[in-house]
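Have a look at the structure first, then read on.

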Amino acid sequence: MLIDLSGRTALVTGSTQGIGAAIATGLARAGARVGVNGRSEERVERAMAAIRAEVADAELVPVVADVADEEGARRAAEALPRVDVLVNNLGIFGEADPLTISDDEWRRYFEVNVLAAVRLIRQYLPGMTERGWGRVQNIASDSAVVTPAEMIHYGMSKTALLAVTRGFAKQAAGTGVTVNSVVAGPTHTGGIEDFVYELVDSSLPWDEAQRVFMREHRPQSLLQRLIEPEEIAAMVVYLASDHASATTGGALRVDGGYVDSILP
Ligand SMILES: NC(=O)c1ccc[n+]([C@@H]2O[C@H](COP(=O)([O-])OP(=O)(O)OC[C@H]3O[C@@H](n4cnc5c(N)ncnc54)[C@H](OP(=O)(O)O)[C@@H]3O)[C@@H](O)[C@H]2O)c1
């Protein structure tokens, strides 16, 4: 299957590292012009250099903005007035005692993980529907369906994102615009190696260490290893393409079989 996104402009929120950086790289490799987003110029420049090291002719647009607030969304619109493929990847996560977590922290999770995506969808969806083509993708998590007791606030935000996805897919019905979420599972990003070595024998080589970690601490995973960010990016690139024109309103899993469900 050949995927050619040339002529399309994409915005990937939170793309200076991790899954977002892999998605931005994948979309650029497929020929899209990609808005690389993060909160500081330095980190955005560094991320763009890393993408260019892999995709020499990548067409990249820096989008330096904290898209978790209205001002940030406005700045994104200035940098990229037209977006054909919107990937709401930005998301924060962290453990918190559900009995003592503050109201402000609940609100912050809603603002960053849900409202930021809603705001950008409102900003870009009308243009997509007018042009008769568009892709909106929201990066959800296994925690959307398997609520973690130590991160109820995070699980809630990702469950809400699934509802937002379904709702906006209905809003875009019949327009040529598809709206989907991608349910990512435990992924090999950022500080995860340190986290794994805190829990398993630190003398083990990485491949073995992650298998022990998955077996003992994430036994629901059928993959039995962490997911690589590029594996999530592959789904996003496919969904961004013309090949995925009949897939909308869905929650597509790249979770390594973590969610124990027959339906996707
Ligand atoms: N990692 C996992 O195992 C996993 C599993 C399931 C789902 N997910 C989901 O996948 C997505 C990406 O996760 P990740 O682990 O790759 O994230 P990450 O490594 O923590 O990266 C977060 C990215 O977001 C940016 N960012 C943070 N706040 C921002 C803001 N207010 N405005 C703009 N950019 C902001 C950061 O850039 P700057 O610091 O440069 O601003 C960074 O590029 C999230 O939605 C997460 O919930 C992750």
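Thirteen is the count to start with: the largest cavity is lined by 13 residues, and Thr13, Asn88, Leu90, Val112 and Ala117 lie nearest its centre. This is a predicted model, where local features need pLDDT of at least 70, side-chain atom pairs count only at pLDDT 80 or more, and totals for chains, interfaces and linings use all residues. Residues are numbered from 1 along each chain as its sequence is written, and side-chain values use heavy atoms, with hydrogens and water left out.

**The cavity**
- On a 1 Å grid over the protein atoms alone, a cavity is a set of points where a 1.4 Å probe fits but cannot get out, and lining residues have an atom within 4 Å of a point.
- The whole structure has one cavity of 30 Å³ or more.
- The volume of the largest cavity is about 60 Å³, a volume being the space filled by probe spheres set on grid points joined across faces, edges and corners.
- Helix H4 (103–131) and helix H5 (152–171) are the elements that give two or more residues to the lining of the largest cavity; helices (H or I, at least four residues) and strands (E, at least two) are DSSP runs, numbered from the N terminus.
- H4 gives the most to that lining, with five residues.
- Sorted by class, the lining of the largest cavity has eight nonpolar, four polar and one charged residues. Here Ala, Val, Leu, Ile, Met, Phe, Trp, Tyr, Cys and Pro count as nonpolar, Asp, Glu, Lys and Arg as charged, and the others, Gly among them, as polar.

**The second largest pocket**
- A pocket is an open set of points with protein on both sides within 12 Å along at least five of seven lines.
- About 300 Å³ of space lies in the second largest pocket, and of its 17 lining residues, Ala21, Ala22, Thr25, Glu54 and Glu230 are the closest to the centre.
- At least two lining residues each come from helix H1 (18–29), helix H2 (41–54) and helix H8 (229–240), with H1 giving the most, at six residues.
- This pocket's lining has nine nonpolar, five polar and three charged residues.

**Two domains**
- The domain assignment (automatic or from a database) gives domain 1 (9–187 + 228–253) and domain 2 (190–226).
- Four residues from domain 1 and five residues from domain 2 make the contact, meaning heavy atoms within 4.5 Å.
- The centres of the two domains, taken over C-alpha atoms, are 26 Å apart.

**Salt bridges**
- A salt bridge is a side-chain nitrogen of Lys or Arg within 4 Å of a carboxyl oxygen of Asp or Glu, and the whole structure has eleven.
- Asp242 pairs with Arg8, with the closest N and O atoms 3.7 Å apart. Asp242 lies in the loop between H8 and strand E7 (251–254) and Arg8 in the segment before strand E1 (9–12), so the pair ties together parts that are 234 residues apart in sequence.
- One salt bridge is counted between domain 1 and domain 2.
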